[in-house]
Amino acid sequence: MDPTTRGQTIKRARRRHGYSQSVLAGLVGRSESWLSQVERGILTVDSHGILTRLAHVLRLDLAELTGTETEAATDMRYDAASTIERAMMRYSTLETIVAETGTEPRVDPASLSVQAHQAYTAYQAARYDEVGRRLPWLIREAEAAAHTPGSDRPAVCSARAMVYNTTAALLRRVGEKNLAWQAADRAMSAAEWADQTLLSAVGAYQLAYVFISRGRPVEAAELAMGAAGALELRMRPGTPKN
């Protein structure tokens, strides 16, 4: 297949899924500039691994990108989604964790917070595969911390909120709307327990975008306006700040 035809195929599939060039480039581990040149036929893709990855993300048969009959990508879902989902579904009690590991979990909220921030920084840089690999572990650590007696509850909840805010942002970006909804809801709940107004506002922001992606703009607007009002009230001079 010539580079121009392949580039147009990639471009049409990308637009069909609602991905920007930066998002698709991040999902396949390349730069936005590289993808732009591929779509315009300036660069050709010779790597079988990259072609397979593009087919996987764009839900295309590999033959549609190679012009030859070959094995198609079979798993059409964002790679990390199922692992993230399993981590989110694991509601372990402290007793279960101890039974599985033989030790009581000791999670440092400060360290968890740092790593949550690092994951969000990677998300902002469109390193989605890296974030997808980090999140299942972060989710498990956040939940283990939440089940540890004697932990600093506000600090744990704050870190947990950051983990789930990043999870919601990533899942929404790659089209996993149902999981994004659950993650955003957990982020807001954790932020409320932490009594962190700014984190609650970030959670509302993420959840509003999930509402929009699910075709609920009215509810999204109501949530965003309510969060903005609460944040403005909290940040007025003479009121406590979080």
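**Group meeting: burial and packing in a predicted model**

Good morning. I shall begin with S113, which is located in helix α8, spanning residues 109-124. Please bear in mind throughout that this is a predicted model.

Is S113 buried or exposed? Its relative accessible area is 18%, and because buried is defined as under 20%, S113 counts as buried. Beyond the neighbours within four places in sequence, the contacts of S113 are A159 and M162.

Before going further, a word on confidence. The protein chain has a mean pLDDT of 79, and 83% of its residues reach 70 or more. Among the elements of the chain, the highest mean pLDDT, 92, belongs to helix α3, residues 32-39. The lowest, 50, belongs to helix α7, residues 94-101. Over residues 69-77 the pLDDT is below 50; even so, beyond near neighbours in sequence, that stretch has 17 contacts in the model.

I turn now to the interior. In soluble globular proteins, nonpolar side chains tend to be buried together. Here, the largest nonpolar core has 67 residues. Which residues have the most contacts inside this core? They are I10, L24, W34, L54, L58, I84 and L170. Helix α10, residues 153-173, gives the most to the core, contributing 10 residues.

Setting aside residues up to four places away in sequence, I10 touches L24, L35, V38, E39, L54, L58 and L65. V38 sits in helix α3, and its relative accessibility is 1%, so V38 counts as buried. With the same exclusion of sequence neighbours, V38 touches P3, G7, I10, L43 and V45. How far apart are V38 and G7 in sequence and in space? They are separated by 31 residues in sequence, whereas their C-alpha atoms are 5.4 Å apart.

Thank you for your attention.

How values were computed. Residues are numbered from 1 along each chain as its sequence is written. This is a predicted model: local features need pLDDT of at least 70, side-chain atom pairs count only at pLDDT 80 or more; totals for chains, interfaces and linings use all residues. Side-chain values use heavy atoms; hydrogens and water are left out. pLDDT is the predictor's confidence in each residue, from 0 to 100. Helices (H or I, at least four residues) and strands (E, at least two) are DSSP runs, numbered from the N terminus. Contact means heavy atoms within 4.5 Å. A nonpolar core is a set of buried Ala, Val, Leu, Ile, Met, Phe, Trp, Tyr and Cys residues joined through side-chain atoms within 4.5 Å. Buried means under 20% relative accessible area, exposed over 50%, partly exposed in between (1.4 Å probe, protein chains only).
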